[in-house]
Amino acid sequence: MKIVFATQEQFDPAEWIDPLAARLADVEVMMWRDDGPAVGADIAVVFNPPAALFERERGLRAVFNLGAGVDALFGLPALPAGLPIVRLEDAGMAAKMAEYALHAVVSASRRFDGYASLQREGRWRQLPEIDRSAWPVGILGMGVMGSRVAKTFAALDYPVSGWSRSGKGPDGIVMHAGAAALPDFLARTRVLVNTLPLTDETQDILCRDTLGRLLPDAYLVNVGRGPHLVEEDLLALLDEGRMAGATLDVFRTEPLPADHPFWRHPRVTVTPHVAAISSRRETIAQVAEKIRSFMRGEPLTGVVARDRGY
Ligand code: NDP
Ligand code: OXD
């Protein structure tokens, strides 16, 4: 059995190849080389792989993605139609995603931003206390990430609701299912946290029509993917005073171009796609376990449904 590890990112082979190989008996794990020949790989382990992978390695039986989102894979024209894709599930990301969203909201809801300004001015002044009922949080996508975000806010007594295709969500969270329920979900939300996967159906979902339905002084936290957001619409809603702020981790173009208005907008917080970076140790353990199950012909979790795109 041969595994090719293919990425266009800066991955230190010693940190990935050796630990993965150490967990898999009778398997040869090799690093993809742009200028190399086909190695006859059975399995590809990938993170943002080069397009040439699927052109050169014609005998692949499965691809294991070192991330939760698989949209980059679907963008590769040579990806074989029937090739099973297995994605990463949690691997340390969900807790970080919840922390990220919580930090974004609490900075405003507990007025920590305001206290930071007061400190810079050397002023001792108490700002009005939080009224949690004024901070209803709505979460788009209630899978591994969204569920953890929802449970974190709910544990702190924020009103929380969720939206997903099926309406499945954790116990105690008010759920809304499918496109028909979206307007009602938005109309009761002030803080919108997007944890959707990027698919044909979800692209551009954060636009003037949807964001404009949120409660007054709304906040957006986008940790899904950049193409979910119509950036000009958000800027217009912020500048019109219709929305109060946004915390954005993902962008249509990454890295975010130096002249992009988000960098300097007073009510936009930008981070460089770091909301939830997986733990390397947990990732390697999970992928190795999934590869072992695959080799034994056992059922796997995290298999992407090609027709849904996630
Ligand atoms: P999951 O597959 O576990 O969850 C996806 C959720 O989105 C499900 O609840 C699903 O509904 C819902 N969904 C998908 N399509 C639709 C639709 N058309 N309408 C309504 N609901 C929909 O994925 P994860 O939670 O693991 O990851 C989600 C995304 O988070 C990733 O795809 C990635 O883009 C992003 N991400 C970003 C990171 C970052 O650092 N910024 C890190 C990790 C992930 P249902 O349950 O009914 O199927
Ligand atoms: C992911 C990501 O999808 O890091 O895992 O964005």
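Guide: Let's start with Asp 26, which has a relative accessibility of 75% and so counts as exposed (over 50%; buried is under 20% and partly exposed in between, with a 1.4 Å probe and protein chains only). Before going on, bear in mind that this is a predicted model, where local features need pLDDT of at least 70, side-chain atom pairs count only at pLDDT 80 or more, and totals for chains, interfaces and linings use all residues. As for bookkeeping, residues are numbered from 1 along each chain as its sequence is written, chains are lettered from A and ligands numbered from 1 in the order in which they are written, and side-chain values use heavy atoms, leaving out hydrogens and water.

Asp 26 sits in the loop between α1 and β2 (28–31); helices here are DSSP runs of H or I with at least four residues, strands are runs of E with at least two, and both are numbered from the N terminus. Its backbone is worth a glance: phi is near 60°, positive in a residue that isn't glycine. Most residues other than glycine have a negative phi, and most peptide bonds are trans.

Now step back to α1 itself. Helix α1 (residues 13–22) packs against helix α10 (residues 280–295) with axes 10 Å apart and an angle of about 40°; axes are lines fitted to C-alpha atoms, for helices over the stretch in contact, and angles run from 0 to 180 degrees between N-to-C directions. The pair is therefore oblique, since under 35 degrees would be roughly parallel, over 145 roughly antiparallel, and 65 to 115 roughly perpendicular. From α1, the residues making the contact (heavy atoms within 4.5 Å) are Glu 15, Trp 16, Pro 19 and Leu 20, and α10 brings Arg 280, Thr 283, Ile 284, Val 287 and Ala 288. By type, that contact has six nonpolar residues, one polar and two charged. Nonpolar takes in Ala, Val, Leu, Ile, Met, Phe, Trp, Tyr, Cys and Pro, charged means Asp, Glu, Lys and Arg, and the others, Gly among them, are polar.

Zooming out, the protein splits into domain 1 (2–91 + 278–295) and domain 2 (93–270), with bounds from an automatic or database domain assignment. Taken over C-alpha atoms, the two centres are 32 Å apart. Nine residues from domain 1 and seven residues from domain 2 form the contact.

With 42% relative accessibility, Asp 217 counts as partly exposed. Asp 217 is in contact with Ala 244, as are Ala 218, Tyr 219, Leu 238 and Arg 267, leaving aside neighbours of Ala 244 within four places in sequence. Ala 244 belongs to strand β11 and is buried, at a relative accessible area of 17%.

The peptide bond joining Glu 254 and Pro 255 is cis, with omega about -5°.
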